Amino acid sequence: MEMNDYLPRVIDARLDEYLQAFGAVCVEGPKWCGKTWTSLHHSKSAIFIGDPAGNFQNRQLAELSPDLVLEGDAPRLIDEWQEVPPLWDAVRYKVDQAHQKGQFILTGSATPNHKGILHSGAGRIARLRMRPMSLYESGDSSGKVSLERLCHGELTPAMTGDGNLKRLIDLIIRGGWPASIGMPAAQAALLPEEYLNAVIDDDVYRMDSIRRNTIKMRLLLRSLARNESTTATNKRLKNDIREVDDEDIDVETVKEYLDIFERLFIIENQPPFSAGMRSSIRVKQAVKRHFCDPSLACSLLKATPASLLGDLETLGFLFEALCERDLRIYAESFGAALYHYQDYRNREIDAVVELSDGRWCAFEIKLGANQIDAAAKNLLDIQREMTADPKGKPPAVLCVLCGMSNAAYRRADGVFVVPPTALKP
């Protein structure tokens, strides 16, 4: 469809590729991240299941006769298909009958339970994860450094401009929500708050029509915010709620609510990385906690530019979350995956990008330029240790992502230094 004001997204190229390979593509991710707008850009017709017009007549039509809502020029967008789960099977069946690629694009901001869905759709319906905008997509990164080229050891040195701490704080608080781009920081900060209210007060119930304790859900969300970019366990989250909020919640309830948050795409944790299954270095298997966007953690913490300037430790964790959001978006665009590394020798790597050929790249994330030397030393020490291990697999590239760096360059010891405001896929 013609959309003159469409802002290109990193996922565009992959969506085109998937439409050429599969009969249907399901674009899923958090509310308000731009799924519908991007899918419309790639579609020739559309139906909006959640449209309230005519007393939700589109939803009623989909429930009564799914085949009718599938009629239209291909690719046809079925927006918020999870409102009527049987649509999944209807799309799968239509794809089987027609034997054509790129027939449908489905969008969803929640993963429904399997009730009402008979078939997985494997081989017919591909899934693509979409996230809030990266700094490159929102126009806040110059794009002078390609992550893909960097992961192959290629970088053209470039001046990137002085790092602006207040600007970084504004970007963290604003987040990557398309509706917030260009808004003043104070107004942009209101969107994450309303986002969380809408999800907790409405979307959680609409998933499976079960009433849950929204007070405890909010307590858990606040605990997740306090533990953003850490490897806090479920038990630690429970204890954190008791210690800070003076409320109790059992571990099973924590587990259930975390599952709901994942199905609503509110959280997306960073899995652990093992540098070699046969390596003698034992690695920990804890996930690193993340919201889908750092602005959600800011909202829950009631963070302001002034409060973050007075709490550099919290700011550091939120900055790490911002960088890892973008690294994940960029890495997936060229078939790579994002992890973190932690072993029992107290070695840690903030972010690991594993390429499709098995090679991997290590990233330390630091806010201040005065932290670059220590971060580079940590990366080099881990690389040497893994190189000395006969069964180890050392990282191919070492890089420090530094918020306050004014240039992208390669140090004499081989470690790259890049500001996140210079990155692109």
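Mentor: Start with terms: helices (H or I, at least four residues) and strands (E, at least two) are DSSP runs, numbered from the N terminus. Just after helix 9, Ser209 takes a positive phi of about 60°. The model is predicted, so local features need pLDDT of at least 70, side-chain atom pairs count only at pLDDT 80 or more, and totals for chains, interfaces and linings use all residues. Residues are numbered from 1 along each chain as its sequence is written, and side-chain values use heavy atoms, with hydrogens and water left out.

Trainee: Why are helix 10 and helix 11 called roughly perpendicular?

Mentor: Their axes, lines fitted to C-alpha atoms over the stretch in contact, cross at roughly 100°. Angles run from 0 to 180 degrees between N-to-C directions. Under 35 degrees is roughly parallel, over 145 roughly antiparallel, 65 to 115 roughly perpendicular and the rest oblique. Helix 10 and helix 11 are therefore roughly perpendicular.

Trainee: What makes Asp246 count as exposed?

Mentor: Exposed means over 50% relative accessible area, buried under 20%, partly exposed in between (1.4 Å probe, protein chains only). Asp246 has 66% relative accessibility, so it counts as exposed. Asp246 lies in the loop between helix 11 and helix 12.

Trainee: Why is Lys302 exposed?

Mentor: Its relative accessible area is 61%, so Lys302 is exposed. Lys302 also has a positive phi, near 55°.

Trainee: Where does helix 9 bend?

Mentor: At Val199, by about 40°. The bend is the angle between axes fitted to the seven residues ending there and the seven starting there. Val199 is among the buried residues of helix 9.
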